[in-house]
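Hi,

Here's the structure I said I'd pass along.

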Amino acid sequence: MAMSPYRWLLYPFSLAYEGITSWRNSMFDSGVKKSSSFDVPCIAVGNLAMGGTGKTPMVEFLVEAYKDQYPLATLSRGYGRRTKGYILADKFTGPEDIGDEPYQIYSKYAGQITVAVGEKRALAIPQILNDAPETSLIFLDDAFQHRYVKADFYIMLTTFQRPFFEDYVVPAGTLREKREGAQRAQAVVVTKCPKSLSSQQQEHYKSEIIKYTKKDCPVYFSSLEYGAPYDIAGKDRYFSGNVILLTGIASNALVKEKVKANFNLLETLEYSDHHRYQMKDIEGLKRIYQNYKTQNPVVLTTEKDAVKLKDDNYAGFLKEIPIFALPVKVHLEGNGDQELLKQVSQAISNKGYHREV
């Protein structure tokens, strides 16, 4: 991916930002800045780039794999929330308290796992162990650059559409640090791959990725699999297939592609990532729904958006509108799921943690 002409104007700023992040990383590498290690196994999921690389579906993939084996917790920064500090999710917390993605995870797995947020993860982990002392495994969401905690295994994600090896440091690109940061990865997952991905394409990506990672770092390829839409109100209303698509995510290209291929897309309402829906948005949605009323439409949205639309403040406005969520999960190509989980399980086993409760 060649740098476009206007990006050359931003390149000096990228070099300055790269210098700052490289200096910071060197401070951790040399031990001047200290990383905390914990007895409980910590698995980090993250990326080099800003924006949506599929971290939440990957965390949910790991939760599904291990929730019946270990009392586990997820820990996120809680991006976009209106609060600060450590918060343990419970029935009284909402997306504005803990952030969209952590709330999505809590909504799915409440009672099965512990969900917490905290910007200072080195302080949050002991608090998790105090609040949920049975915890034997922690997944750190979006923690690739959070070096104050030394994880036991690092999974780095990069999208097929914009791989890190073709990207640049912000503001010329979307990378949070230079490409060589991939050296910390113990597994790289190329996300959002097309179903038609060829072996030649895989080999090309592997050859480019390995230029920046450790030579023995495995590369996996994953796609997103969408499930059957479900009524977020639990009413099991009729899904007509005539869809008004509503999204507030980093990129809705794949969702839109899925909807166009399987349903009749009437109209799309697009908001920025982590959009906080206001009453004016809800009223606008209702007007659009009324415009298509004769076609018996449904509103289809992502699971991340769905948890925000279930806000009690909107219940009166939305009770007559059938709103469906489109579930999504990660699918690793070939035997990638087995191989990646084998690596993670080995890292957990190597830790040899036994909780004292």
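**The sheet and its helices**

Strand S10 (residues 242–247) and strand S12 (residues 298–302) run parallel and are joined by 4 bridges. Helix H8 (residues 279–291) lies across S10, S11 and S12, and runs at about 165 degrees to S10.

Bear in mind that this is a predicted model.

As for the whole sheet, it is open, with 5 strands in the order S9-S13-S12-S10-S11 and mixed pairing. Strand S9 (230–231) and strand S11 (264–270) are at the edges with a single partner strand each, so one side of each has no neighbour in the sheet.

I also looked at two asparagines. Asn47 sits in strand S1 (residues 42–47) and is buried, at a relative accessible area of 0%. Its side chain makes a polar contact of 2.6 Å with the side chain of Thr53, and the Asn47 side chain also reaches the backbone oxygen of Ala49 at 3.3 Å. Beyond its sequence neighbours up to four places away, Asn47 touches several residues, including Lys55, Asp142, Phe144, Met156 and Arg176.

Asn313, on the other hand, is in the loop between helix H9 (303–309) and helix H10 (315–318). Asn313 is exposed, with a relative accessible area of 56%.

Cheers

How values were computed: Residues are numbered from 1 along each chain as its sequence is written. This is a predicted model: local features need pLDDT of at least 70, side-chain atom pairs count only at pLDDT 80 or more; totals for chains, interfaces and linings use all residues. Side-chain values use heavy atoms; hydrogens and water are left out. Buried means under 20% relative accessible area, exposed over 50%, partly exposed in between (1.4 Å probe, protein chains only). A polar contact is a pair of N or O atoms within 3.5 Å; within protein, one must be able to donate a hydrogen and the other to accept it, and residues adjacent in sequence count only if both atoms are side-chain atoms. Contact means heavy atoms within 4.5 Å. Two strands pair if DSSP finds at least two bridges between them. Axes are lines fitted to C-alpha atoms, for helices over the stretch in contact, and angles run from 0 to 180 degrees between N-to-C directions.
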